[in-house]
Amino acid sequence: MYLSESARTVFAVLAATCTATRPQLAAGAGLSKPTVSSAVAELEAAGLAACSGTASGGTGRSAAVYALGPAAGAVLAVDLGPSRTRVRGCALDGTLLAEGAGSRPDAAAVVSGALAELPPDAPLRAVVVAVGDVTTRREGGGERPATAKAGPVFDAMSVALPPGVPVHLENNVNCAALAELHEGAARGRDTFGYLRIGVGIGLGVVIGGQVLRGANHAAGEVARLPYPWDADREPRHEGLEAHLGAGSLLRRAAGAWQDADGPCPSTAERLFALADEGHPRACEVVGRHAADVGRLAAAATAVLDPGLIVLGGAVGSNPQLLPGVRAELARLSWPTEVVSSALGESGTVVGASRLAVARGIQTVTGGVRVED
């Protein structure tokens, strides 16, 4: 659909504010009131805006209040995690319309279920899928489309989507960092690092309120840091991730466990629960892991000086890690605040939702920029 430039600008402002009067739209768009009136009429005719009520002004006169119309559509965000799939459907003003979760192999069914909950007359404007290892290589002055290690589950999920809808891949750690910036532990901070420790590891870097993606969209891939790094051993490919991932934590627990310690925990959750109860061996294993995470945080701090590190992921967000991480970081680097994620495992899909809304607005407006 073709929209005038003023209509595109007003639509973007309306999506960001959810509801607004014409004077408020004029102020937000930086346009004259007659221009905004014309733009609103254009949007109403296209079904992209609709009058949702009236508001009383200071002079006693009532002003029409506008919201997005049914033709504005919806977006879908998918967190294709290592074991769980989480989905959220939102209107272009961010209103939550649908959500669902299930195992990773059931991703297609979870997506189909969320799509069925969306308003039937709302066109799907964009889909953002959060996955690991998203890269975009620059070649010959151009840029290849994003690729990711998503595999057959991603392919099966894609079949469940309506044809012709733009699908955007985003790094899952960057999505979670964006969510912490706007809705989580980093609200009010425009520079920080989000360090995820779970099955894998990753670092989301936010500088000046923007996610740093890098030349190949690979900024923060700390799994690629050389490890181990000493005179007697050669670094292994993604050796640091193998050392800090949840699987390695459980293997070290099994290696340290003694018969007198009782049943060895088979999950990270159980290990942390035992540590919380004061179990000596569990405390020892968790403390050693916290020190290792603290060394990674110190490396990130040395490069970025973020001022704040948010610990996330299935392992990293556990508050049992905080004291050890803080102590090791303080020992090795300058003072840096360390906190646990406020959003937990939902952070990735929350951040992906924000990106999906931004993409959906750009689809309607033809590229009028909106903030992440």
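This is a predicted model: local features need pLDDT of at least 70, side-chain atom pairs count only at pLDDT 80 or more; totals for chains, interfaces and linings use all residues.
1. Residues are numbered from 1 along each chain as its sequence is written, and side-chain values use heavy atoms, with hydrogens and water left out.

2. The overall picture, then. The protein chain has 13 helices and 15 strands, and its C-alpha trace spans about 75 × 50 × 45 Å along the principal axes. Of its 372 residues, 48% are buried (under 20% relative accessible area; exposed is over 50% and partly exposed is in between, with a 1.4 Å probe and protein chains only). Among contacts (heavy atoms within 4.5 Å) with a separation of 6 or more, 60% come from residues 24 or more positions apart.

3. Have a look at the sheet with the order β1-β3-β2: an open one of three strands, with antiparallel pairing. β1 (19–21) and β2 (49–56) are the edge strands with a single partner each, so one side of each has no neighbour in the sheet. Neighbouring strands here are turned by 35° against each other on average, direction ignored. β1 and β3 (residues 62–68) run antiparallel and are joined by three bridges; Thr 19 stands opposite Ala 67 in β3.

4. Two helices pack on that sheet. Helix α2 (residues 22–29) touches β1 and β3, and its direction makes about 100° with that of β1. Helix α3 (residues 33–45) touches β2 and β3, at about 130° to the direction of β2. For these angles, axes are lines fitted to C-alpha atoms, for helices over the stretch in contact, and angles run from 0 to 180 degrees between N-to-C directions.

5. On to the nonpolar cores (sets of buried Ala, Val, Leu, Ile, Met, Phe, Trp, Tyr and Cys residues joined through side-chain atoms within 4.5 Å). The largest has 49 residues, and Val 10, Phe 11, Leu 25, Leu 43 and Phe 192 have the most contacts inside it. Leaving out residues up to four places away in sequence, Phe 11 touches Leu 43, Leu 48, Leu 68, Ala 72, Leu 92, Ile 361, Val 364 and Thr 365. Another core, of 36 residues, lies apart from this one, with Leu 274, Ala 275, Val 286 and Leu 311 among its members.

6. Salt bridges (a side-chain nitrogen of Lys or Arg within 4 Å of a carboxyl oxygen of Asp or Glu) come to 12 by this rule. I'd check Glu 170 and Arg 213, whose side chains meet at 3.5 Å, N to O. Glu 170 sits in strand β10 (residues 167–171) and Arg 213 in the loop between β13 (210–211) and α7 (239–244), 43 residues apart. Both Glu 170 and Arg 213 are buried.

7. Arg 224 and Glu 238 form another bridge, at 3.0 Å, N to O. Arg 224 counts as partly exposed at 48% relative accessibility, while Glu 238 is buried at 17%.

8. Finally, helix α10 (residues 280–304) holds both Arg 295 and Asp 292, three residues apart, about one turn of the helix. Their closest N and O atoms are 2.8 Å apart in a salt bridge. Arg 295 is partly exposed at 42% relative accessibility, and Asp 292 is buried at 12%. Asp 261, Arg 281, Glu 284 and Arg 288 are linked in a salt-bridge network.

Conventions
Two strands pair if DSSP finds at least two bridges between them. Helices (H or I, at least four residues) and strands (E, at least two) are DSSP runs, numbered from the N terminus.
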